[in-house]
Amino acid sequence: MSVAMLSLVEAAEQIRTRKLTATELTRQCLDRIERINPTIHAFITVTADLALEQARQADAEITAGNWRGPLHGIPIALKDLIDVAGVRTTAGSRQYSNRIATEDAAIVTQLKQAGAVIVGKTNLHEFAFGGSGIVSSFGPVKNPWDISRITGGSSSGSAAAVAAGMCIAAIGTDTAGSVRCPAALCGVVGHRPSKGLLSKQGIIPLVESFDTPGPIARTVREAATVLDCLSASGDMDFAARLDEPVTKMRVGVARNLSADADQEVASCL
């Protein structure tokens, strides 16, 4: 199996124990991007030089015994609404095709502190305003499982990139399903965190009061691991809590929701 198709947990353990270098893993992801992206259109901008520099730095730190955690040396992609200093942020629009960020978004600062490797900026439904992933000035994102099908949106490129092994995990943004929908359609896992858990500073907004960044990965445990590394509180330990029993959980079910809503609307007419 290509190392680019390793799970985040597997890749992190191999990098930590130096069975695999971050540079080797990054090169494999970049090779897959070069080979697959002309068909999939998952990436708008590939930051190969930055990624290899970060990967070499990660290898040097880990060799010296300074392992920062499960994202150290892991190739991550960012939805192209998220600013990386010195890299353009297009929001999927020609209007911003030459917009170069001057500062890192808060979540990028956290990724860099965690030792992550940023391989590029992913395609999206233009300005995140849509759920298909088809409308982008940089071409429609194709579903890697079947390129005749849509990826969903708006974090279309992030989900497609993870599903196709072009990165180990990715960050999208979610207003009304923009992480969850493309993750579902591409067969990966997307999570919308509670508002405020992840900072949206440095992210071009769709709805300022409701947007949130969120992780996309291949499994629930991997998405939880990314969330653990990036959450503002820093003490939730989402991945560990996956093993807790659910016997005491209570689930609420809305009865006749659509009927109630129809009556409420009818009363206003």
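This is a guided tour of a predicted model, moving from its sheet to the helices beside it and then to a few residues.

Begin by selecting the strands, of which six make up an open sheet with mixed pairing, in the order 1-3-2-4-6-5. Colour strand 1 (43-46) and strand 5 (189-190) next: these two stand at the edges, and because each has a single partner strand, one side of each is left without a neighbour in the sheet.

Now select residues 169-174, which are strand 4, together with residues 212-217, which are strand 6; the two run antiparallel and are joined by five bridges.

Then show helix 4 (residues 106-113), which lies across strand 2 (75-79), strand 3 (117-122), strand 4 and strand 6, and which runs at about 180° to strand 2.

**Strand 2 and its parallel partner**

Move on to strand 2, where five of the five residues are buried. Showing the side chains lets you follow how both faces are covered, with P75, A77 and K79 on one side and I76 and L78 on the other, all of them buried. Strand 2 pairs with strand 3 in the parallel sense over five bridges, and K79 can be found opposite T122 of strand 3.

**I118**

Stay on strand 3 and select I118, which is located in that strand. Is I118 buried or exposed? Its relative accessibility is 1%, so I118 counts as buried, the cut-off being under 20%. If you display what surrounds it, leaving aside neighbours within four places in sequence, I118 is in contact with T47, L50, A51, Q54, I76, L78, V108 and K112. For one of these, V108, a distance can be drawn in the viewer: the C-alpha atoms of I118 and V108 are separated by 8.8 Å, and the two residues are 10 apart along the chain.

**A patch on the surface**

Finish by switching to a surface view and selecting F129, L206, V207 and F210, which form a nonpolar patch with about 380 Å² of accessible area together. Within this group, L206 belongs to the loop between strand 5 and strand 6, and because its relative accessibility is 31%, L206 counts as partly exposed.

Notes:
Residues are numbered from 1 along each chain as its sequence is written. This is a predicted model: local features need pLDDT of at least 70, side-chain atom pairs count only at pLDDT 80 or more; totals for chains, interfaces and linings use all residues. Side-chain values use heavy atoms; hydrogens and water are left out. Two strands pair if DSSP finds at least two bridges between them. Helices (H or I, at least four residues) and strands (E, at least two) are DSSP runs, numbered from the N terminus. Contact means heavy atoms within 4.5 Å. Axes are lines fitted to C-alpha atoms, for helices over the stretch in contact, and angles run from 0 to 180 degrees between N-to-C directions. Patches are made of residues with over 30% relative accessible area and no salt bridge: like charges are joined within 9 Å, nonpolar side chains (Val, Leu, Ile, Met, Phe, Trp, Tyr) within 5 Å. Accessible areas come from the Shrake-Rupley method with a 1.4 Å probe; for residues, only the protein chains shown count as cover. A salt bridge is a side-chain nitrogen of Lys or Arg within 4 Å of a carboxyl oxygen of Asp or Glu. Buried means under 20% relative accessible area, exposed over 50%, partly exposed in between (1.4 Å probe, protein chains only).
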